[in-house]
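Today I'm looking at aromatic contacts and at charges over rings. Notes follow as I go.

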Amino acid sequence: MMQKFSELPYTRPDVAAAVEQYEALQKALSGAETYAQAREAFRKAEALETELSTAESIASIRNTMDTTDAFYDAEVAYFNENLPALIPVTKAFTEAIVNGPFRADFEREYGAHFIRLLENSLLVQDARIIGDLVRESELSVAYSKAAAACKTEFRGETCNFYGLLKHMESTDRAERREAFEKWAALYADASTELDRIYDELVAVRAAMAEKLGFESYTALAYRNRQRLDYTPEHVEKFREQVRTVVTPAVARMFEAQAKRLGVDKLRYYDESLVFPGGNAHPIGGKDDMLRAAAEMYGALSPETKEFFDFMTEHALFDLETRPGKHLGGYCTSLPAYKAPFIFSNFNGTAADVDVLTHEAGHAFQCYLSERLIPVSMLQSSTSEINEIHSMAMEFFTYPWMDKFFGARADEYRYAHLCDAFACLPYIVCVDEFQHEVYAKPDMTAAERRSVWRALEQKYMPWRDYDGNAFLEGGGFWMQKQHIFLYPFYYIDYALAQVCAFSLYDEMKRDRAGAWARYMNLCKAGGTKGYFDLLHDAGIPVPFEDGAVEQAVRGVIEEIESAGY
């Protein structure tokens, strides 16, 4: 029976015993005389994977809740050091399906994409990189600790990065600038350590690619991210569409914002302040927002009501920022309980509500697919699909924003739409930066900063750091944790945002039809490839010529005609 998350038991699994279990299951699979016997071995392997991944998830969540907790710090280290030992046995098990006599039977039951995923996994799993994977995990933990430890005093308050962000939305420009300088100083002070960690992360990833026979880590990363339908060349064309269509419109948007704020030129610390009287902030605290979210999801659909009631009943949230807590926000899963979990760092701004729509979109899809799809690897798709679940949910919840912002709900919706649109050039900037870094993995820290600064000027020519030497020198890339922890992930947000804009455009004409398409996409999980999932949901593929312009045309018109 499912308990509250805080009450869930945790026992360290015996990975060595799991290796032996996988070996026995592989022998049973290879020796199966009927598909029923082969399927039973597969079912037992699924159950073993569920047990291991649930334990790992509990340990990881509790570690991010308090990075200073020695017990869960040790548990995360245990998983990082020992799980790679499963690579040889899980690879042998996969080979027994792909190359075995019952391949066609598995394909008939679970689909062609299931086999494609297994074949892809064989290309990226290898005992030769076990040591590298362990080291990559260690470096990722080192990064998380270094970032979480950063704090500074600001006007009598001890702040981490997130704590400073709310001050960068102050109506007092001096306060915004002061908070910005403190924020930049945190990164500048940590930059030597962050550069060192990233140097080693790039090196270990390049080494893995070389051992596995890939021409670069970029090619390996695309396989790791299960990008089976498209290539870096597709992404390059998408980035160019963003540069030519979105960048000029964002520049106009910021010019209008500068006039609205009454400043001669928009500096970086002005970008987050949309209205001169202050941005719309939630009118209540965490508990108020959770109550409002329960009402919202109760009204949105029967399925979302069931989902959010489940999340609330079992306290599957950790939302408030505090010292020692990991930065950022995420949604993850506890597979044995078919339960999502939402993690965030509330800071009193509209971003808190964004979490209750964005991460809840992920959690809702997870809740559905874990109940509808029996095979774990098919329950979730690639992140460029998964982020549609979250970003489209942000738009579907627009009608209920008065519950969070009262009379300023329209201002929130406008600011949210502007932010969703304006982030596209930054996202493609992050993506091209990573392509450049892994094309030249021996690049120095100074060379990386130079590359970043040139890309900023290419995609975000309006960006002005008001003379801050560290950021003017290209240090801003360090603030994106995806670059450290999830290489090549970030472009998925831009691809998904464009698709979410397509759904948003339909919502305004046919809300029921848009919701039906969204539900179909959520329920499909990862049972098909990227192009097929979009096709089945009636969403244009973002790589197609003119797709970006078509998706954002209505957004640009709405922003420019809003009258703010």
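For burial I use relative accessible area: under 20% is buried, over 50% exposed, and in between partly exposed, with a 1.4 Å probe and protein chains only. I'm working on a predicted model, where local features need pLDDT of at least 70, side-chain atom pairs count only at pLDDT 80 or more, and totals for chains, interfaces and linings use all residues. Residues are numbered from 1 along each chain as its sequence is written, and side-chain values use heavy atoms, with hydrogens and water left out.

Entry: ring pairs. I searched the whole structure and got 66 aromatic pairs. Rings of Phe, Tyr and Trp (its six-membered ring) pair if their centres lie within 6.5 Å; planes under 30 degrees apart are stacked, over 60 edge-to-face, the rest tilted. I looked up Tyr-230 with Phe-543, a tilted pair at 4.7 Å centre to centre and 50° between the planes. Tyr-230 is in the loop between helix 10 (217-224) and helix 11 (232-261), and Phe-543 in the loop between helix 24 (530-536) and helix 25 (547-560), so this pair ties together parts 313 residues apart in sequence. Helices here are DSSP runs (H or I, at least four residues), numbered from the N terminus. Tyr-230 is buried at 3%, and Phe-543 is buried at 7%.

Next I checked Phe-275 and Tyr-414, which are tilted too: 6.0 Å between centres, 45° between planes. Phe-275 sits in the loop between helix 11 and helix 12 (286-300), Tyr-414 in helix 18 (residues 409-439), 139 residues apart. Tyr-414 comes out buried at 9%.

Entry: charge over ring. I count NZ of Lys or CZ of Arg within 6 Å of the ring centre and within 35 degrees of the ring normal. Arg-371 lies over the face of Tyr-367, 3.6 Å from the ring centre.

How values were computed
Helices (H or I, at least four residues) and strands (E, at least two) are DSSP runs, numbered from the N terminus.
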